[in-house]
Structures are given as structure tokens and as C-alpha cells.
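Here's a quick briefing to read alongside the model. Have the sequence and the 3D view open as you go.

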Amino acid sequence: MRRYLFNSKELENNNEIFDVIIVGGGLAGLYCALNVDPDKSVAIIVKGHIDGGSSYLAQGGIAAVTKKWDSFDLHVKDTLIAGAGHCDEKAVRTLVTEGPEIIDDIIRLGVQFDRDENGDTIVTREGGHSCRRILHCGGDATGRIMTETLGKEAQSRKNIKIFFDTFSLTS
Ligand SMILES: Cc1cc2nc3c(=O)[nH]c(=O)nc-3n(C[C@H](O)[C@H](O)[C@H](O)COP(=O)(O)OP(=O)(O)OC[C@H]3O[C@@H](n4cnc5c(N)ncnc54)[C@H](O)[C@@H]3O)c2cc1C
């Protein structure tokens with residue numbers, strides 16, 4: 001299916017066609033774009049700039065099972081308790097079990113998590129977690145550093161074009 005993107009300011013002369021259109025340039029949109037087949041053209045639509053979403057503001061860090069004292073079952077259990085009956089257990093299990101692999105992928109994409117003197121990632125403990133499992137960057141600058149790093153990577157890819165200050169409307 002072809003997807004059209006129109007710039008309303010120059011509607012007659014400026015329309016482009018993309019294989020994939022992603023609305024949002026937070027971590028979800030950026031990571032999604034970076035995982036699209038490089039043979040496909042991708043447009044990311046961002047109503048403001050890279051610092052406009054929640055991702056940029058996130059401070060605490062990102063939870064994943066990366067240490068020997070932790071387990072998928074424990075992370076699932078903690079998440080279901082914290083979710084107070086609102087979580088889809090299957091979705092939680094997918095999120096938790098795919099976490100470590102995605103952390104490795106994010107590191108490959110250039111995100112530098114804080115590490116100790118031995119080079120091991122440092123994890124902290126936050127509310128709702130029964131053990132230390134929160135990876136972070138630059139202390140409490142995790143969201144900013146991750147968004148800037150993935151944003152830079154997306155902007156360097158030939159198949160990805162980011163439209164800032166562009167509001168997406170559906171009817
Ligand atoms: C202050 C704060 C601290 C947080 N701390 C943590 C934390 O420590 N750890 C954690 O895991 N989570 C944390 N969260 C939650 C986390 O930040 C979000 O769950 C996550 O960033 C959501 O990512 P996202 O890409 O889906 O959304 P966002 O990062 O919010 O991105 C949404 C994107 O969509 C764009 N957009 C929206 N509507 C339109 C439109 N109509 N047209 C064009 N573009 C549009 C926005 O411009 C933006 O680029 C925190 C949230 C906040 C607000």
C-alpha cells in the first residue's frame with residue numbers, strides 16, 4: 001500500500017510517497033524507524049522537535065533483566081503488581097523477555113549506559129521493582145541521551161526522513 005505525505009504549506013508542489021509513515025519521534029517512533037528494512041523509505045512525523053515528547057523527559061532509566069540476581073518471572077510479577085490489574089499479562093511477558101535483546105540492540109545503536117570501573121552496566125532500583133534492574137545514562141539524563149542518540153542515528157540513515165514541526169491529522 002502506498003502512503004502519501006502532504007505538506008499543507010506547499011500542497012501543490014511538495015508531496016512525497018513513503019513505504020512507511022511513523023507518527024511520533026519519541027523513543028517508540030525512532031526505534032521503530034531504525035528497525036524498518038533499509039530498502040523501505042520511512043517518514044517520521046513529529047509535531048514539535050526531538051525534545052517534545054515524554055521520552056526526552058524520562059529520567060530514572062529503563063528496566064530490563066540484565067543481571068544474574070534477576071529473572072523474567074520476577075520482572076513479570078513486579079510489573080503485574082505495579083499495574084494493579086490493568087496489564088495484559090501476555091504483553092507484559094513479551095515486553096520483559098524481549099527486553100535484554102533490545103537493550104543490546106540499543107547499545108549497538110550507540111546509546112551509552114552508565115558503567116562501573118569494570119565496564120559493567122550499573123543498575124538501580126526504583127519503586128515497584130523488587131531488585132536492581134534500571135539501566136540509566138548520564139545519571140538522570142537517560143531519556144535525553146537515548147532520544148538524542150537514536151535521533152542522530154535515524155537522521156544519518158538514507159532511508160529515513162524526519163519531518164519536524166509537522167502535525168499529523170486523521171479523519
Ligand atoms: C517526566 C517523565 C519522566 C518519565 N520517566 C520515565 C523513566 O524513568 N522510565 C520509563 O521507562 N519511563 C518514564 N516515563 C515514561 C516514558 O517517558 C514514556 O512511556 C515513553 O517515553 C513513551 O515513548 P513514546 O515514544 O511512545 O512517546 P513520546 O516520547 O511522548 O513521543 C510521542 C511523539 O509523538 C509526537 N506526536 C504526538 N501527536 C502527534 C501528532 N498529531 N502529529 C505529529 N506528531 C505527534 C510527539 O511530538 C512526540 O514526538 C516518563 C515520563 C515523563 C513524562
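Which side chain meets arginine 133 in a salt bridge? The partner is aspartate 70, at 2.7 Å from N to O; a salt bridge here is a side-chain nitrogen of Lys or Arg within 4 Å of a carboxyl oxygen of Asp or Glu. Keep in mind that this is a predicted model, where local features need pLDDT of at least 70 and side-chain atom pairs count only at pLDDT 80 or more, while totals for chains, interfaces and linings use all residues. Residues are numbered from 1 along each chain as its sequence is written, and side-chain values use heavy atoms, with hydrogens and water left out.

**Overall layout**
- The C-alpha trace spans about 60 × 40 × 30 Å along its principal axes.
- There are five helices and eight strands, taken as DSSP runs numbered from the N terminus (helices are H or I, at least four residues; strands are E, at least two).
- Walk along the sequence and you get β-β-β-α-β-α-β-α-α-β-β-α-β.
- The protein splits into domain 1 (1-58 + 142-171) and domain 2 (60-140), with bounds from an automatic or database domain assignment.

**Where the domains meet**
- The centres of the two domains, taken over C-alpha atoms, sit 26 Å apart.
- Domain 1 puts 11 residues into the contact and domain 2 puts in 16, with contact meaning heavy atoms within 4.5 Å.
- Together the domains bury about 970 Å², 70% of it on carbon and sulfur atoms; buried area is the accessible area (1.4 Å probe) that two parts lose on being put together, summed over both.
- On the domain 1 side, Tyr31, Thr142 and Met146 supply 55% of the area buried against domain 2, more than any other three residues.
- Between the domains there are zero salt bridges.
- Two residue pairs are in polar contact across the domains, both at pLDDT 80 or more. A polar contact is a pair of N or O atoms within 3.5 Å; within protein, one must be able to donate a hydrogen and the other to accept it, and residues adjacent in sequence count only if both atoms are side-chain atoms.
- Helix H1 (27-34) and helix H5 (142-156) are the elements giving two or more residues to the domain 1 side, and H5 has the largest share with six residues.

- Three strands form an open sheet in the order E5-E7-E6, paired antiparallel; strands pair if DSSP finds at least two bridges between them.
- Strand E5 (62-63) and strand E6 (123-124) are the edges, each pairing on one side only.
- Two bridges join E5 to strand E7 (residues 134-135), and isoleucine 62 stands opposite leucine 135 in E7.
- Back to the opening pair: arginine 133 is in the E6–E7 loop and aspartate 70 in the loop between E5 and helix H3 (72-83), so the pair ties together parts 63 residues apart in sequence.
- The salt-bridge count comes to seven.
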